[in-house]
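Have the sequence and the 3D view open as you read.

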Amino acid sequence: MAAPSDYISQLKKLYDDLSVRQKIVSAAVVVGVLAGFIALFLFINTPTYKVLYTDLDQKDAGEIVQWLKKKGIPYKVAQGGSVIKVPEDKVYDVRLALASQGLPRGSGVGFELFDKTSLGTTDFVQQVNYQRALQGELEKTIARFPQVKTVRVHIAEPKESLFVGQRQEPSASVVLELKRGQELSQSQVQGIVHLVASAVPRLKKDNVTVVDTTGNVLFDSKMAVKDPLKAKANLRFTYRKRLESYFKHKIQTMLEDALGPKKAVVRVSAEVDFNQVKTNEDRYDPDMVAVRSEEKSEELDKPVNPGGIPGVKGGLADKLQGNVGQQGEENFLRKKKKEISNYEISRVQREILGSVGTLKRLSVAVMVDGKYVEEKGKTVYQPRSPEEIANLKQIVMAAMGYSEERGDEVSVVNVPFTPETKGAGMVSKAVDIFTKLIRPMANLILALIFIFAILKPLLNRFVLAPPEPEESPEETAAIEGEVAGGEAAVAPAFEPMPDVKGELRDLASDYPERAAALIKIWLREKHKEDEGE
């Protein structure tokens, strides 16, 4: 086996045998190939950058960049410095490390503003710094709401006055930028108002205004006084929307638990009665009576005098005493009793005040995806049976609290969802796998190309090929003599032949050894001429 020094000497000899032009071209080709492989290798192995933080202010972005430089972590800055990107495999580690350092601090500064104070700070500066710190702390607290993207708090504190009549109350304004597709409930808005009012001394909730970046007023107590109809309309719209969202979430989660995620789409429409009705009702029950008043009287007649009326005798006396036709009956006393009772029919009086926001009618529309069955290597859509649709309709009716008296309506339809939606998960998984494998596969392909296209030919040409034996001066002279003799012998044959190329091919076929020796001599002479230049 040849030693490494033999390989080096062969390469050096090959390089020495080349002309100047060949040396320049060979060097350019080698440098170009190496540069191309290096550039391709670096391009393939360039890390993929992912967003670390977005919507950063300049101060937070500067602190994060300084920290990344100190730790030697590569990064990229985009969108004017508001977005910072780092390699994909380091995103979560960097976020945790920055969180331990208190970064990003947010748009506002809190009470850490007083960490560094100077003795020459005036009272006015201290008051301004306190107001800034209070606004910053409120912004940090409100930003913890999951629906809030960014928040700004402005507190207006009037100058203190010695006269009570000239004192003005402080006010505050809160500007919210909500995340896409998110909204705050009325209770959450009330919580933000109560939070701000409780944090600022002498601030009343009526003096707090909450708006979003699209110009919608989320809370303004004075608006209810100025435009009560608009305030009521906003409250009614919010109540109806929340009611529909409640039923939608209730039905959607139930169907997804039974059919699978993204297998059903639910839409709910609620008809709500916001009229408040006052009803006065009187009811009489004839079967139930009560004694209102009762009167009783009794009369007793005195006994009849047996002597009759003084001064009257005979039949006249009998007529006067009422004894006509009753001769022979004994005299007796008479009694008379009288009772009067007054009864009252029972009555029930009611005053009914109807509630506001009564649900009058509920309409639910549900779209359900079918089944997908693998047949002969293809995914085939299979609709659901009428029995399954009927069962799903019964489930939806039970979940929404279906009432036939209200006139509720339920519609369950089986439709095929788009193939893109079905294959989105598989496509995303395939993309992730391809992204992870493309880098090592590209490196492997580059290594194979370098081995089989460059390294192997060089080894076969200069290392594995047996070295050519050097010719001695005697052999060289003998070959030259043979060539000279051959030239003298065949020289006259060249003169009359018009086809020189064809004759040379025939001579090379008849005398291959002499032709090879002649070519070697020509190459040596050419090489000597080049060196002489």
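Here, contact means heavy atoms within 4.5 Å. Helices are DSSP runs of H or I with at least four residues, numbered from the N terminus. This is a predicted model, where local features need pLDDT of at least 70 and side-chain atom pairs count only at pLDDT 80 or more, while totals for chains, interfaces and linings use all residues. Residues are numbered from 1 along each chain as its sequence is written, and side-chain values use heavy atoms, leaving out hydrogens and water.

Start with helix 3 and helix 4: Ile64, Trp67 and Leu68 of helix 3 meet Val94, Ala97 and Leu98 of helix 4. That contact has six nonpolar, no polar and no charged residues. (Nonpolar covers Ala, Val, Leu, Ile, Met, Phe, Trp, Tyr, Cys and Pro; charged covers Asp, Glu, Lys and Arg; the others, Gly among them, are polar.)

Two packed helices are described by the angle between their axes and the distance between the axes. Axes are lines fitted to C-alpha atoms over the stretch in contact, and angles run from 0 to 180 degrees between N-to-C directions.

| Helix pair | Angle | Axis distance |
|---|---|---|
| Helix 3 (residues 58–71) and helix 4 (residues 91–100) | about 115° | 12 Å |
| Helix 5 (residues 123–142) and helix 6 (residues 186–199) | roughly 155° | within 11 Å |

So helix 5 is roughly antiparallel (over 145 degrees) to helix 6. Leu134, Leu138, Thr141 and Ile142 of helix 5 touch Ile192, Leu195, Val196 and Ala199 of helix 6. By class, that makes seven nonpolar, one polar and no charged residues.

Now for the cavity, a set of points on a 1 Å grid over the protein atoms alone where a 1.4 Å probe fits but cannot get out. Which residues line the largest cavity? They are Pro158, Lys159, Glu160, Ser161, Arg167, Gln168 and Arg202, where lining means having an atom within 4 Å of a point. Four of these lining residues are charged, two polar and one nonpolar.

Notes:
1 Å grid on protein atoms, 1.4 Å probe; cavity = no way out; pocket = protein on both sides within 12 Å on 5 of 7 lines; lining within 4 Å. Helix = DSSP H or I, 4+ residues; strand = E, 2+ residues; numbered from the N terminus. Parallel < 35°, antiparallel > 145°, perpendicular 65-115°, else oblique.
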